[in-house]
Amino acid sequence: MDSETFTHPDEKRGEVITAPDAIRSPRRRAVVSFVRRSSHLEGRLARAWEQYAPHYLLHLPGGGRDLGVDPQYHFTRAEAARLWGADRPLVVEIGTGQGENVIAAAKREPDRNFLALEVYDPGVAHTLLRAGKAGLENLRVAQVNAPELLAVCEAGMLDEVWTFFPDPWPKMKHHKRRIVQPALAANVHDALKPGGVWRIATDIDDYALHVHEVMDAAPGFENMGTLEVSLPTEHVGKGDADRAADLPHAMFTESERFDGRVLTNFEKKGLDAGRTIHDFTYRAV
């Protein structure tokens, strides 16, 4: 198949693995869960991008600086098998950060493919560096807006989806930017195989309430949790979080800690600060 490579106009970092039939098309975008930051990679991260992007980094149709995915593109099981070089169960991590979890999982489970989705250059570079040093063949990285990619996935092609410690967007007016939303839940459900799971974790109580509001009501998902957790039943924003303790509370069902998630420095800081780690497992039914 013919293919075309799109690179960021200010980033000449070598050839990358491409998806076929890349087409740019103008579109009006929904609210996104991130803000693009200007970043200049130097030293080992710049070298990692140059060295490992050709093998690991996917540039999907419709990419570029807005990190979108062309809605006419279809990310299929066959396409994944071509891009990874093997047809194996596929796990997608939304917001991979510096790649600690997805890299550890790819090392631990060579019989699965992994796709790390991250929007920020340093996070992508760290993941490329870790993957390259480990010589992984079952991992790829895409710098895209995750909801747009999930919207074009073939039905039933994903084994699991992971979203660990997403940006909490603490201000009330920014809650609409939180990545866990009904539209994404619907697309994740369609992309998961029957019985596949969406694993979510957060160390922010208000975000945990948000997850319950979205996911406990999401059609086609079953909450697999076994723990009872007390949470405020009203939202608080940045600057008034202290009043949460005085709000009405209710019991919610959550999961035990996912033992496949490594303890990152980010999670450790949350624990050291006395925050509760909330784990969720929602199964597609």
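**Ground rules.** I number residues from 1 along each chain as its sequence is written, and my side-chain values use heavy atoms, with hydrogens and water left out. Since this is a predicted model, local features need pLDDT of at least 70 and side-chain atom pairs count only at pLDDT 80 or more, while totals for chains, interfaces and linings use all residues.

Entry 1: Buried is under 20% relative accessible area, exposed is over 50%, and partly exposed is in between (1.4 Å probe, protein chains only). The core has 46 residues, and F75, L115, L117, W198 and M215 touch the most other members. Helix α7, residues 205-215, gives the most to this core, with 6 residues. Apart from it I found another core of 29 residues, including Y52 and F165.

I then picked F75 and listed its contacts (heavy atoms within 4.5 Å). Leaving aside neighbours within four places in sequence, F75 touches, among others, W84, L115, C153 and M157.

**Entry 2: helix α7.** Helices here are DSSP runs of H or I with at least four residues, strands are runs of E with at least two, and both are numbered from the N terminus. How many residues of α7 are buried? I get 9 of its 11, so the helix is mostly covered, by the under-20% rule. Among the buried ones are Y207, H210, H212 and M215. The buried residues of α7 pack against α6 (182-191) and the strands β7 (192-202), β8 (221-223), β9 (227-232), β10 (249-254) and β11 (278-284).

**Entry 3: a histidine.** H126 is found in helix α4, residues 121-134. Is H126 buried or exposed? It is buried, with a relative accessible area of 13%. Beyond its neighbours within four places in sequence, H126 is in contact with R44, L45 and Q98.

**Entry 4: rings.** I pair rings of Phe, Tyr and Trp (its six-membered ring) if their centres lie within 6.5 Å; planes under 30 degrees apart are stacked, over 60 edge-to-face, and the rest tilted. The count comes to 8 aromatic pairs. F280 and Y282 are a stacked pair, 6.3 Å centre to centre with 15° between the planes. F280 is buried at 2% relative accessibility, and Y282 is buried at 0%.

F114, W162, F164 and F258 form one aromatic cluster. I also checked for charges over rings (NZ of Lys or CZ of Arg within 6 Å of the ring centre and within 35 degrees of the ring normal). The charged end of R199 sits over F258, 4.1 Å from the ring centre, and that of R261 sits over F164 at 5.4 Å.

Key. Core = buried A, V, L, I, M, F, W, Y, C linked by side-chain atoms within 4.5 Å.
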